[in-house]
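Here are a few notes to read alongside the structure.

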Amino acid sequence: MTDSDFVYVIYIATTPEKLWQAITDGDFTEKYFFGRKVQSEWNEGSEVIYLRENDELDVYGKVLKSEPPHLLSFTWFHADEQPQREKPSRVTFEITPLGETVKLTLKHEDVAEGDIVEDNGTFFGLNNGWPAILSNLKSLLETGNTLPAVHV
Amino acid sequence: MTNSTFIYVTYIATTPEKLWEALTNSDFTEKYFFGTKIESDWRVGSKVTYSREGKVTDYGEILKYEPPKLLSFTWTYEGDKTEREEPTRVTFELKPMGETVKLTLKHENLVTTDIVEEDDTFEGFNNGWPAILSNLKTLLETNETLPPISL
């Protein structure tokens with residue numbers, strides 16, 4: 001892991017199964033993930049895609065590891081990035097139950113310069129996007145509501 | 001000696017005033033901040049302490065106090081034997097975004113041993129803060145803290 005790789009830990013009052021579903025089901029992601037619907041069969045080697053609300057392709061990759069409900073890892077390409085980079089970045093969700101709380105560790109590794117954005121008044125950049133997405137996911141699972149501020 | 005910063009951002013459905021109170025009021029901190037009570041008279045230059053069962057666990061000096069937007073103080077944990085040129089520094093920035101507040105926690109002037117690689121512990125600022133701030137968010141949004149965790 002390089003120094004600029006991004007790690008975000010969040011504790012959520014939920015179950016590993018509910019959290020796994022929220023991460024892997026497009027009906028859920030659409031609510032908290034800036035309107036993105038995720039689609040995949042979620043087997044090793046399966047394609048993963050995130051679609052915008054207008055069905056345009058936003059992000060795509062391939063599943064590296066899928067061990068429900070504890071570990072999910074896939075590569076991450078931005079469809080808009082041209083030319084496509086040779087080495088994609090890699091997203092990993094680690095789900096650890098701790099009593100009735102679940103610890104979620106998000107790692108976004110093999111990032112390139114430019115993936116991390118200095119300016120913190122934006123949702124662009126992995127360091128800005130993920131805390132908003134995961135805060136929204138936590139609110140959704142714990143309260144049934146998402147945060148008005150975290151939207152496209 | 002390396003000098004690094006730990007940053008943690010979370011978004012909370014609350015108001016800046018409520019979040020400010022939760023950060024600075026001991027009845028609140030006792031609930032979400034590993035059972036510690038915060039105390040200070042909240043003037044720049046004043047001492048701030050976190051205590052558990054009457055014993056100080058962490059302390060510092062107020063650097064900035066601008067409710068409900070900015071709070072900054074030095075941070076030393078009781079019993080710290082690490083050689084440091086200067087104490088670490090904690091800053092809370094509260095940014096209202098409609099009915100959400102963006103809370104940015106920065107913990108600066110960290111040395112290598114302040115960050116702990118192992119993740120099955122609350123030791124290390126990188127392990128402690130996410131647990132504290134997750135608990136704070138749950139408390140403000142649901143009026144209850146997270147179910148107790150033992151590692």
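**Notes on the interface and a strand run**

1. Across the interface of chain A and chain B, 16 residue pairs are in polar contact, both residues at pLDDT 80 or more; such a contact is a pair of N or O atoms within 3.5 Å, where one must be able to donate a hydrogen and the other to accept it, and residues adjacent in sequence count only if both atoms are side-chain atoms. This is a predicted model, with local features needing pLDDT of at least 70, side-chain atom pairs counting only at pLDDT 80 or more, and totals for chains, interfaces and linings using all residues. Residues are numbered from 1 along each chain as its sequence is written, and side-chain values use heavy atoms, leaving out hydrogens and water.

2. On chain A, β1 (6–12), β6 (89–98), β7 (101–109) and α3 (126–143) each bring at least two residues to the side that touches chain B (helices, H or I, have at least four residues and strands, E, at least two, as DSSP runs numbered from the N terminus). The largest share, eight residues, comes from α3(A).

3. That side of chain A splits into 14 nonpolar, seven polar and five charged residues. Asp, Glu, Lys and Arg count as charged; Ala, Val, Leu, Ile, Met, Phe, Trp, Tyr, Cys and Pro as nonpolar; the others, Gly among them, as polar.

4. Away from that topic, β3 (residues 47–51) and β4 (residues 57–67) of chain A pair in the antiparallel sense over five bridges (pairing takes at least two DSSP bridges). A:Val48 has A:Gly61 as its bridge partner in β4(A). Five residues lie between the strands of this hairpin, and A:Asp55 in the turn has a positive phi of about 70°.

5. Next, β4(A) pairs with β5 (residues 71–78) of chain A, antiparallel over six bridges. Here A:Ser66 stands opposite A:Leu72, and a hairpin joins the two strands through three residues.

Methods: Chains lettered and ligands numbered in written order.
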